[in-house]
Amino acid sequence: MKLRVGITYNLKKDFSIRENQPIDFLEEFDAEETIDAIRDVLESDGHEVIKLGGDSGLIDRLRQTPIDIVFNIAEGLHGRNREAHIPALLEYLNIPYTGSDPLTLSLTLDKSMAKRVVMSEGIPTPRFMKVEKMEDLSDLHLDYPLFIKLCYEGSSKGVRLDSKILDRRSLEEKTEWLLKTYGPPLLVEKFVSGPEFTVGVLGNENPTVLGIMQIEIKGSPVDEAIYSLEVKREWEERVRYRCPPPIHSDLARKIEDVALRSYRVLGCRDVSRVDIRVDQDETPYFLEINPLPGLSPVYGDLPIMAGRMGWDYARLVKTVFHHALKRNGLVER
């Protein structure tokens with residue numbers, strides 16, 4: 001069945017970094033090559049594709065252009081609920097779309113809220129504290145080492161090589177810098193000293209694991225490795241992606257279990273990527289989940305994972321799209 005498919009997105013090239021903004025201000029936004037790659041896959045399946053963008057003019061474009069379904073990868077622009085803005089608009093206009101709904105997108109962007117929900121289901125996650133101001137550190141009751149990051153951001157925004165914290169002085173200095181540079185809130189959590197994995201999950205009623213990918217930072221021991229902005233920007237030289245990872249089957253099953261349980265309890269749909277770190281006792285800890293995983297065919301973690309599992313880029317995009325079509329009753333189940 002031929003459909004009119006809109007793509008919603010935010011492009012890096014549509015913004016510029018002003019003098020007072022951090023260097024990773026645009027990190028979550030996409031390159032035009034990614035949008036074109038998704039369009040090409042959908043067109044190869046016989047659909048008509050309309051690039052809708054994600055600015056305020058989207059409302060008028062949706063009113064003027066009949067759309068059967070939207071392939072949404074828009075990160076949004078402002079606030080804790082920014083990833084939910086376009087899905088909420090699409091729901092208001094009764095237009096089906098790929099991916100999770102506004103509640104899940106808002107919930108998972110707030111890392112502290114996501115961790116509280118997974119904790120309620122007994123899913124292991126590092127102990128944490130949400131920090132709004134420097135004075136909050138006086139109530140900190142966590143043992144070092146710690147890890148500090150922005151509470152409402154993704155794509156390693158604000159994460160640097162010094163984000164692992166070993167003492168009070170470093171914690172205060174890093175907290176002050178993050179609050180001044182990005183603003184509140186921050187998340188301070190126990191650092192899990194073990195290997196880091198990211199898990200791709202696809203589907204709805206019976207979600208399945210696409211793959212487990214171990215992220216190794218070249219030249220860094222496992223207990224020191226941080227998947228930071230500096231590392232991500234030089235990923236070809238500094239990162240070794242191991243998929244499938246060299247781990248025994250029991251550990252793989254435990255990692256998959258944490259990923260799938262987190263996906264379900266947070267209400268994810270169609271696709272997500274779950275970040276997990278394993279401690280010395282081989283307990284997998286939920287770190288965070290991304291229900292809008294990057295789909296760059298060059299550097300996106302999920303496409304890299306898919307490729308290592310024998311999937312080409314087209315199969316990945318078509319599978320995500322097909323899950324959304326089935327969920328919305330646009331194809332036979």
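A cavity is a set of grid points where a 1.4 Å probe fits but cannot get out. Keep that in mind as we go through this predicted model.

So, how many cavities of 30 Å³ or more does the structure hold? The count is 1. About 80 Å³ of space lies in the largest cavity.

What lines the largest cavity? Phe71, Asn72 and Ile73 are among the lining residues. Thr98 and Gly99 are there too. Sort the lining by class and you get 8 nonpolar residues, 3 polar ones and no charged ones.

Now hold on to Phe71. Leaving aside neighbours within four places in sequence, Phe71 touches Ile38, Leu42, Thr98, Leu295 and Val320, among others. Phe71 also belongs to the largest nonpolar core, which has 40 residues. Ile38 and Phe71 have the most contacts inside that core. Several elements supply at least two core residues each, including strand 1 (4–8), helix 1 (32–44) and strand 3. Helix 11 gives the largest share, 7 residues. There is also a second, separate core of 22 residues, and Val118 and Ala252 are in it.

Last stop, Glu75. Glu75 sits in the loop between strand 3 (69–72) and helix 3 (82–92). Buried or exposed? Glu75 counts as buried, because its relative accessibility is 8% and the cut-off for buried is under 20%. Beyond its sequence neighbours within four places, Glu75 contacts Asn10, Glu28, Phe29, Arg82, Glu83 and Leu292. Finally, Gly54 is 21 residues from Glu75 along the chain, with 8.6 Å between their C-alpha atoms.

Technical notes. Residues are numbered from 1 along each chain as its sequence is written. This is a predicted model: local features need pLDDT of at least 70, side-chain atom pairs count only at pLDDT 80 or more; totals for chains, interfaces and linings use all residues. Side-chain values use heavy atoms; hydrogens and water are left out. Helices (H or I, at least four residues) and strands (E, at least two) are DSSP runs, numbered from the N terminus. Buried means under 20% relative accessible area, exposed over 50%, partly exposed in between (1.4 Å probe, protein chains only). Contact means heavy atoms within 4.5 Å. On a 1 Å grid over the protein atoms alone, a cavity is a set of points where a 1.4 Å probe fits but cannot get out, and a pocket is an open set with protein on both sides within 12 Å along at least five of seven lines; lining residues have an atom within 4 Å of a point. Grid points are joined across faces, edges and corners, and a volume is the space filled by probe spheres set on the points. Ala, Val, Leu, Ile, Met, Phe, Trp, Tyr, Cys and Pro count as nonpolar, Asp, Glu, Lys and Arg as charged, and the others, Gly among them, as polar. A nonpolar core is a set of buried Ala, Val, Leu, Ile, Met, Phe, Trp, Tyr and Cys residues joined through side-chain atoms within 4.5 Å.
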